[in-house]
Amino acid sequence: MRELNKKDIKTLALSSLGGTLEFYDFIIFLFFASYISKNFFPENLSDFWKLFNTYGIFAAGYLARPLGGIIMAHFGDKAGRKNMFMLSILLMAIPTFALAFIPGFETLGYSCIVLLILIRIFQGIAIGGELPGAWVFVYEHAPISKRRTYLGALTASVVGGILLGSIVFLIINQIYTQEELYEWAWRVPFFLGGIFGIISVYLRTFLSETPVFEQMKKEENLEKFPLKEVFKRAKMGILISMIITWVLTGFVVVMVLTLPKFMADMLGVDPIHQTYLQMIGIVLVVLSCILSGILADKIGVFKACVIFSLAFGIFSVLLFKTLYATNANFTLVAVFYLLACCFGGITNFCPIMMNEVFDAKIKFSGLSFSYNIAYAISGGVTPQLAYFLHTYALQNLDNIWRFSLGFYILFIAFLAIFCAFLFKEFNNTPRTYSA
């Protein structure tokens with residue numbers, strides 16, 4: 001059994017750090033959504049529709065993911081994993097940097113909205129190739145007995161990009177007044193994102209190709225049209241991958257990105273304390289991702305996934321029951337929120353299952369196609385859905401519909417359990433290839 005050497009550790013560390021910086025670029029948009037909505041939409045538009053439209057533009061990045069993911073995965077399976085890393089970070093850094101300088105509605109009118117949408121599209125194309133490629137890259141570098149653990153570490157580093165965004169949001173709010181933020185200071189994080197992108201490009205020059213791809217290339221065992229083979233012999237792999245991607249999307253978009261703001265608005269918590277809570281939650285999710293990978297290596301994917309899903313479902317029920325009560329208490333809500341985050345490692349079963357249901361020759365294409373199509377659909381509607389369900393719940397605090405958003409999260413937990421059974425059945429079915 002091959003163990004990691006110093007070169008592998010260096011490669012994995014650089015890959016994880018690059019993923020952190022790139023995901024920061026993708027996600028920082030949401031942290032400053034209220035400031036963007038104020039600057040890029042007309043004054044006579046209501047605050048609800050300004051923010052709703054901003055969430056919609058954020059979701060446009062998800063809708064663009066399949067384009068970048070499918071194209072980059074095709075060449076990643078044919079020409080190597082490393083080259084696609086360089087392309088994805090360039091596509092992310094340039095539009096992020098541009099957003100720091102684009103004038104708002106007062107100067108450009110509706111043209112600024114078009115430019116904003118284009119920026120999110122390019123960011124979506126970039127992230128569509130980045131994350132699947134990183135998961136495959138790490139999986140193929142890691143020793144067989146620790147592959148799930150290292151996927152957990154990588155997924156944790158990507159979640160760390162959200163933590164980095166939280167830290168930057170907190171610092172910016174400490175340095176500048178709200179007036180300065182709405183006027184111009186909201187652009188500073190995007191300028192920093194461009195700098196982070198340049199750093200990532202430099203870091204990725206030190207990456208080496210995966211041993212698995214090098215061996216396939218040496219044996220001339222590469223597919224001419226990988227995606228065609230995915231449809232031909234990996235239909236169940238596509239189904240499992242899409243379902244578990246829905247789980248990841250639901251958790252990240254609702255529990256990590258939008259729910260903290262909803263809680264703060266409901267309970268009268270200022271943005272600084274909201275960010276502190278969000279940061280603690282993200283740290284717990286990071287640790288949970290690593291733990292889920294370790295547990296999956298020890299007791300198997302099926303058992304680990306069921307354990308995490310059940311625990312996440314239980315604490316989510318308690319969270320939403322407490323949050324949407326007529327006399328909601330912030331301390332109690334925060335405790336249940338953090339307990340739910342302790343099982344955010346449910347998201348790590350997405351890369352674990354996807355890497356194990358596709359043959360190495362079609363792994364990048366199969367994983368990227370399934371993940372990006374599913375994320376485009378679920379990620380494209382979840383921000384607006386979460387905002388709608390939350391608003392609807394506030395209007396129905398005296399009946400069962402106050403749990404509207406909670407029902408959706410509980411559904412996500414059950415979906416993960418369902419996917420665990422599908423994965424178990426898949427592994428019990430004889431196959432003619434090795435994942």
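Reader: How many cavities of 30 Å³ or more does the count come to?

Author: On a 1 Å grid over the protein atoms alone, a cavity is a set of points where a 1.4 Å probe fits but cannot get out. Grid points are joined across faces, edges and corners, and a volume is the space filled by probe spheres set on the points. By this rule there is one cavity of 30 Å³ or more, and the largest cavity has a volume of about 130 Å³. This is a predicted model, in which local features need pLDDT of at least 70, side-chain atom pairs count only at pLDDT 80 or more, and totals for chains, interfaces and linings use all residues. Residues are numbered from 1 along each chain as its sequence is written, and side-chain values use heavy atoms, with hydrogens and water left out.

Reader: Which residues lie nearest the centre of the largest cavity?

Author: Lining residues have an atom within 4 Å of a point. Here the lining has 13 residues, and Thr155, Val158, Val159, Leu248 and Val252 lie nearest the centre.

Reader: Which element gives the largest share of that lining?

Author: Helices (H or I, at least four residues) are DSSP runs, numbered from the N terminus. H8 gives the largest share, four residues. Helix H7 (111-141), helix H8 (147-175), H13 and H18 each supply at least two residues.

Reader: How do the residues of this lining divide by class?

Author: Ala, Val, Leu, Ile, Met, Phe, Trp, Tyr, Cys and Pro count as nonpolar, Asp, Glu, Lys and Arg as charged, and the others, Gly among them, as polar. The cavity lining has eleven nonpolar, two polar and no charged residues.

Reader: What volume does the largest pocket have?

Author: A pocket is an open set with protein on both sides within 12 Å along at least five of seven lines. The largest pocket holds about 640 Å³ of space. Its lining has 30 residues, with Ser34, Leu51, Tyr182, Lys261 and Asp265 nearest the centre. By class, 16 are nonpolar, eight polar and six charged. Among the helices that supply at least two residues are helix H1 (6-31) and helix H13 (235-267).

Reader: Which element gives the most to the lining of the second largest pocket?

Author: H6 does, with three residues. The space in this second largest pocket is about 210 Å³, and its lining includes Lys38, Phe41, Gly104 and Thr107.

Reader: Is Leu12 buried or exposed?

Author: Buried means under 20% relative accessible area, exposed over 50% (1.4 Å probe, protein chains only). Leu12, in helix H1, counts as buried because its relative accessible area is 7%.
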